[in-house]
Amino acid sequence: MSLALVVPVRDDADRLTTLLDQARILETFDQIVVVDDGSADLLHAADLAAAAGLTPGAVRLIRHSRSRGPGAARNAALPAVTTSHLLFFDSDDHLTGDMALLWQSLRDRDFDFCQFRHNETSAPGWGLTAWDAGLWRASGAFGALTQLSPEGRPWLAQTACYPWNKIYRTGFLRDHAIRCAEIPVHEDIALHWSGYLAARRILVSDRICANHIVRTDGTRETNRRGPERLKVFGMLDEIAARLAAPEGEGLRAPFASFVTHLFSWIRFNLASAHHPALEAGAGRFLAAHAGWLDLPGGYRMTPVVRARAARWMQAAGAATA
Amino acid sequence: MLRWLMPARRAPGLQNLDLGAHADVNYRLAICRNDEAEGEIADVTELAAGLVLRADPALGISGRYASPRGRLLEIDATARGTGDWFALHLPVGAENLADQGVFGFACRGSASEFIPVRACLRSGGRLGGFSDCFFDKHILLHATDSSHVDAITLQTRDEVPQKAPWRELVLFFPPRRLRLSLADLRVFLV
């Protein structure tokens, strides 16, 4: 088994160098693939390797002449990966020492992906947000490495859709054509939910292997407040279509819960001028897939989800009136 | 004239090779953290480096333990019956505590649900038997990884004889179904 580190980057060479230096120290990665998503200053693989103390040729660099977003960058990297497994990671986040320990324990284990915990710097203490921590508790996942039970899967699927909190089997992504959406933000939702839909065997670890540096200074992709956030609906429709297949039944209600939270999160991060368009889009999406919200019992959040969905559809009615 | 044979005046401690009575126990714990192990839990379960899980046979304890790399111990245990104890025993040496002031430990862990753990310093008696000196605070393990530190002031606790043929740090878990992770544990003697 071998592991690649895949990093999309745009105008963030200094932080990328810090990350690559961490990767060198951990001695965990057999391949490093960097996708320069149209940086103003051209990156050079040899310079990156030298700055991080890596051997020349250690960094495989792919370049987009203009920015196509982190999702397109990750997708472009996938054909270049030569290892059995890969970790997507962001240039401005940090690896922790537990990443090396997790990878050691994963060797010779059969899995499609392994989701691990991370530290969210916007949350108090060292660890997940309270919301994600609650989902982990509900999932029953506990310990340094365990297999996620079928009962736990609907809960953990609802955690934040980060691309960098999972080690994927490369063949799993390729065989199921699992990719990021090629949109400016929320691109990782497709990767996350498609993975949960297709995975045969999911491992989970409560090791904190990544430190997610939440920046609120408006300089990062995730700080966008413009109408590009509304491109999320096309991707959500595609996931919904896949969930409509029989194998998606167990994840429909969790996905309905997830999207109603997502809409609220988008509104919080969206300029108010675009709120009517968001409400109209959310209402259309929920109306198109309303059947999901009438699932029979057995998933205890359904009434809550139904109430949230009703509020969004009501807002959509007001926005289009 | 023979000044060069005289010990140089140095800062206190520079020539001190006394690693303390807690060096041995912390070495045992380091071995456990650095190695990987797993197995079934029974009434007496010998872990690495002298650590032992002991359960009241009446509990009918079963389950599995694991020592993942970089962590001390994970326990997933079920009790079929009703019993009085289930505990991790850690030999600490420190037979002579005459010159020591404080015995303590620091640990970090979590559990799938709230689990109170009580710790004691157990001292063997010269004629057999033992005496337990419990730490004042409970360790409260819960879903969020958390730290705990506690210490005993030795001169104020009659339950701790100055000299004993053996001593153990004992962590008592609730004698029931439990899932917990003891990620780290270190002992200090001051």
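# Reading the helices of a predicted model

In this predicted model, the residues V232(A), F233(A), L236(A), I239(A) and L243(A) of α9(A) are buried.

Colleague: What makes these buried residues of α9(A) line one face of the helix?

Modeller: Looking down the axis of α9(A), you find its buried residues within an arc of 120 degrees, so they line one face. On the other side of α9(A), G234(A) and A241(A) are exposed.

Colleague: How do you know that the reach of α9(A) is close to what is expected?

Modeller: Helix α9 of chain A covers residues 232-243, which is 12 residues. From its first C-alpha to its last it reaches 17 Å, and at 1.5 Å a residue the expected value is 16 Å.

Colleague: What covers the buried residues of α9(A)?

Modeller: The cover includes three helices of chain A: α8 (188-198), α10 (249-268) and α11 (275-288).

Colleague: Let's take α10(A) then. Why are α9(A) and α10(A) called roughly antiparallel?

Modeller: Start with how such pairs are described. Two packed helices are characterised by the angle between their axes and the distance between the axes. For α9(A) and α10(A), the angle is about 170 degrees and the axes are 11 Å apart. The cut-off for roughly antiparallel is an angle over 145 degrees, and about 170 degrees passes it, so α9(A) and α10(A) are roughly antiparallel to each other. From α9(A), the contact is made by V232(A), L236(A), I239(A) and L243(A). From α10(A), the partners are L251(A), R252(A), F255(A), V259(A) and I266(A).

Colleague: How many residues of each class does that contact of α9(A) with α10(A) have?

Modeller: There are eight nonpolar residues, no polar ones and one charged residue.

Colleague: Now a single residue. Why does A76(A) count as partly exposed?

Modeller: A76(A) has 19 C-beta neighbours inside 10 Å. A buried residue needs 20 or more, and an exposed one has 12 or fewer. The value of 19 lies in between, so A76(A) counts as partly exposed. A76(A) sits in helix α3 (residues 70-77) of chain A. Leaving out residues up to four places away in sequence, A76(A) touches V35(A), I62(A) and H64(A). A76(A) and R179(A) are 103 residues apart in sequence, and their C-alpha atoms are 9.8 Å apart in space.

Colleague: Which element gives the most to the side of chain A that touches chain B?

Modeller: The contact takes 11 residues from chain A and 11 residues from chain B. On the side of chain A, α4 (98-106) and α5 (130-139) are the elements that give two or more residues. Of these, α4(A) gives the most, with four residues. The residues on this side divide into five nonpolar, four polar and two charged.

Colleague: What does the secondary structure of chain B come to?

Modeller: Chain B has one helix and 13 strands, and the helix stands at the N-terminal end of the order of elements. Of the 190 residues of chain B, 32% count as buried.

Key. Residues numbered from 1 in each chain as written. Chains lettered and ligands numbered in written order. Predicted model: local features only at pLDDT ≥ 70, side-chain atom pairs only at ≥ 80, totals over all residues. Expected span 1.5 Å × (residues − 1). Arc of directions from axis to C-beta. Contact = placed C-beta atoms within 7 Å. Axes fitted to C-alpha atoms, helices over the stretch in contact; angles between N-to-C directions. Parallel < 35°, antiparallel > 145°, perpendicular 65-115°, else oblique. Nonpolar A, V, L, I, M, F, W, Y, C, P; charged D, E, K, R; others polar.
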